[in-house]
Amino acid sequence: MECSEEDIYTIAGYDFDWRRVGRRLLGDLKVKDIDREVGSDEAEKREKMLLKWKSAKSRDATYQALVKVLRAIENNATADRVEELEKSKSQARIASTTDV
């Protein structure tokens with residue numbers, strides 16, 4: 001499922017190494033650009049990186065793509081949180097379609 005922009009802001013508040021994730025999702029040059037553009041606020045850098053990823057990858061900017069990268073860098077706690085977020089969104093979506 002594609003990450004919503006709302007969830008991007010939520011995920012940006014999670015603790016993860018945005019540079020390592022960003023290099024895998026966007027490449028080194030984009031990470032350097034973000035580092036230059038944003039001050040010292042790590043949450044803001046995570047947010048900017050995730051928004052650039054969503055913009056660049058569109059439908060391929062999925063929860064599972066992000067989880068895969070987080071697991072690759074051994075940040076399993078954050079990967080678990082992203083999976084839980086996806087699960088809750090999926091359940092809400094199913095509930096809203098069955099209410100019709």
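This is a predicted model: local features need pLDDT of at least 70, side-chain atom pairs count only at pLDDT 80 or more; totals for chains, interfaces and linings use all residues.

Reader: Which residues of H4 are buried, and which helices are included in what covers them?

Author: A residue counts as buried when its relative accessible area is under 20%, and in H4 this holds for Lys 45, Arg 46, Met 49, Leu 50, Trp 53 and Lys 54. An α-helix has 3.6 residues a turn, so residues three or four places apart point the same way. The cover over the buried residues of H4 includes helix H1 (5-12), helix H2 (18-25), helix H3 (28-37) and helix H5 (63-72).

Reader: Which side-chain oxygen reaches a backbone nitrogen at the start of H4, and which residue follows the helix?

Author: At the start of H4, a side-chain oxygen of Asp 41 comes to within 3.0 Å of the backbone nitrogen of Ala 43. After H4 comes a residue whose phi is positive, near 50 degrees, and this residue is Ser 58.

Reader: Where does Ser 58 lie, and is Ser 58 buried, partly exposed or exposed?

Author: Ser 58 is placed in the loop between H4 and H5, and Ser 58 has its positive phi of about 50 degrees although it is not a glycine. With a relative accessible area of 39%, Ser 58 is partly exposed.

Reader: How many aromatic pairs does the structure hold, and over which rings do Arg 46 and Arg 81 lie?

Author: The number of aromatic pairs in the structure is 0. Arginine side chains do lie over rings, however: Arg 46 is over the face of Phe 16, at 5.7 Å from the ring centre. The charged end of Arg 81 sits 3.8 Å from the centre of the other ring in question, that of Tyr 14.

**Residues of helix H6**

Reader: Which backbone oxygen lies 2.7 Å from a polar side-chain atom of Thr 78, and is Thr 78 buried or exposed?

Author: Thr 78 is found in helix H6, and not counting residues up to four places away in sequence, Thr 78 touches Tyr 14, Asp 15, Phe 16 and Leu 70. At 4% relative accessibility, Thr 78 counts as buried. The backbone oxygen that lies 2.7 Å from a polar atom of the side chain of Thr 78 is that of Asp 15.

Reader: Why does Glu 86 count as buried, and which residues is Glu 86 in contact with, leaving aside its neighbours within four places in sequence?

Author: Glu 86 has its place in helix H6, residues 76-98. Glu 86 counts as buried because its relative accessibility is 13%, and the cut-off for buried is under 20%. Leaving aside neighbours within four places in sequence, the contacts of Glu 86 are with Met 1, Tyr 63 and Gln 64.

**The whole chain**

Reader: How many helices and strands does the chain have, and what is its radius of gyration?

Author: The chain has 6 helices and 0 strands, which gives the pattern α-α-α-α-α-α along the sequence. It is as compact as a globular protein of that length, because the globule rule gives 13 Å for 100 residues and the radius of gyration of the chain, close to this, is 14 Å.

Reader: What percentage of the residues is buried, and what percentage of the contacts with a separation of 6 or more comes from residues 24 or more positions apart?

Author: Of the 100 residues in the chain, buried residues make up 35%. Among the contacts in the chain with a separation of 6 or more, the part that comes from residues 24 or more positions apart is 65%.

Technical notes
Residues are numbered from 1 along each chain as its sequence is written. Side-chain values use heavy atoms; hydrogens and water are left out. Buried means under 20% relative accessible area, exposed over 50%, partly exposed in between (1.4 Å probe, protein chains only). Helices (H or I, at least four residues) and strands (E, at least two) are DSSP runs, numbered from the N terminus. Contact means heavy atoms within 4.5 Å. A polar contact is a pair of N or O atoms within 3.5 Å; within protein, one must be able to donate a hydrogen and the other to accept it, and residues adjacent in sequence count only if both atoms are side-chain atoms. Rings of Phe, Tyr and Trp (its six-membered ring) pair if their centres lie within 6.5 Å; planes under 30 degrees apart count as stacked, over 60 as edge-to-face and the rest as tilted. A charge sits over a ring if NZ of Lys or CZ of Arg is within 6 Å of the ring centre and within 35 degrees of the ring normal. The radius of gyration is taken over C-alpha atoms; the globule rule is 2.2 Å times the number of residues to the power 0.38.
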